[in-house]
Amino acid sequence: MLTLAFDTATAVATSALVDEDEVLGERVSRAQTLLEDVDALLRQAGAHPSDLDRLAVGLGPGSFTGVRIGLAVARGLALSLDLPGSGVSTLAALAAGAPGALPVIDAKRREVFTLLGGEPQVLAPQELPLDGDTVCVGDGARRYRSVLEERGAIVPPEDDERHVPRARFHAALAGDSGSVDELEPLYLRVPDADRNLR
């Protein structure tokens, strides 16, 4: 089964082409170049868009704009290629790339997104439940490194690949595929634009 997976929820967009368990190609760039990345992955693997069997797309949480870009691309590809898809939590994919670590995504507004008891949460970095050997990964861990390290957490070096929610893990975590139109973004809070209208 040939899976195209991608995530644009954070400042770094990731994409991967995976055949069963074999990663045929992977790219790290920005949400704005996602379609170029998809094209490059297919060409690199000698595959055609019609060879794809399913999509696996990151649902967030993360940047509202980034999540919307990813879902829009997924819906466009699903419609044009008649593909089913699965949604995967960006936090879950980040955690899969760093077993035993706590995924921490920058939520702006001096907050982070994380997983607590397997459930996505939004809270201040000072509120993260940490013990002396908790490893924190993700762009939120990098941004709040000093706060987390003061509290005893371990944050890998800036260039450590565990900080990136790699799309290969979205493909591995993807459950049963269905209609991409039914996938819902995982926001955890209302977008700023909606908040300002209230």
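Analyst: A residue counts as buried under 20% relative accessible area, as exposed over 50%, and as partly exposed in between. The model is predicted. With those cut-offs, Glu-158 is partly exposed because its relative accessibility is 44%. Its salt-bridge partner is Arg-142, and the closest N and O atoms of the two are 3.4 Å apart. Arg-142 lies in helix α4 (residues 139-143) and Glu-158 in the loop between α5 (145-150) and α6, so the bridge ties together parts that are 16 residues apart in sequence. Arg-142 is also partly exposed, at a relative accessible area of 29%.

In total, the structure holds 10 salt bridges. One of them joins the side chains of Glu-26 and Arg-168, at 2.5 Å from N to O. This pair connects distant parts of the chain, 142 residues apart: Glu-26 is in strand β3 (residues 22-29) and Arg-168 in helix α6 (residues 167-173). Arg-168 counts as partly exposed because its relative accessibility is 32%.

Another bridge is formed by the side chains of Lys-108 and Asp-106, with 3.3 Å from N to O. Here Asp-106 is buried, because its relative accessible area is 10%.

Asp-19, in strand β2 (residues 13-19), is partly exposed at 31% relative accessibility.

Terms used
Residues are numbered from 1 along each chain as its sequence is written. This is a predicted model: local features need pLDDT of at least 70, side-chain atom pairs count only at pLDDT 80 or more; totals for chains, interfaces and linings use all residues. Side-chain values use heavy atoms; hydrogens and water are left out. Helices (H or I, at least four residues) and strands (E, at least two) are DSSP runs, numbered from the N terminus. Buried means under 20% relative accessible area, exposed over 50%, partly exposed in between (1.4 Å probe, protein chains only). A salt bridge is a side-chain nitrogen of Lys or Arg within 4 Å of a carboxyl oxygen of Asp or Glu.
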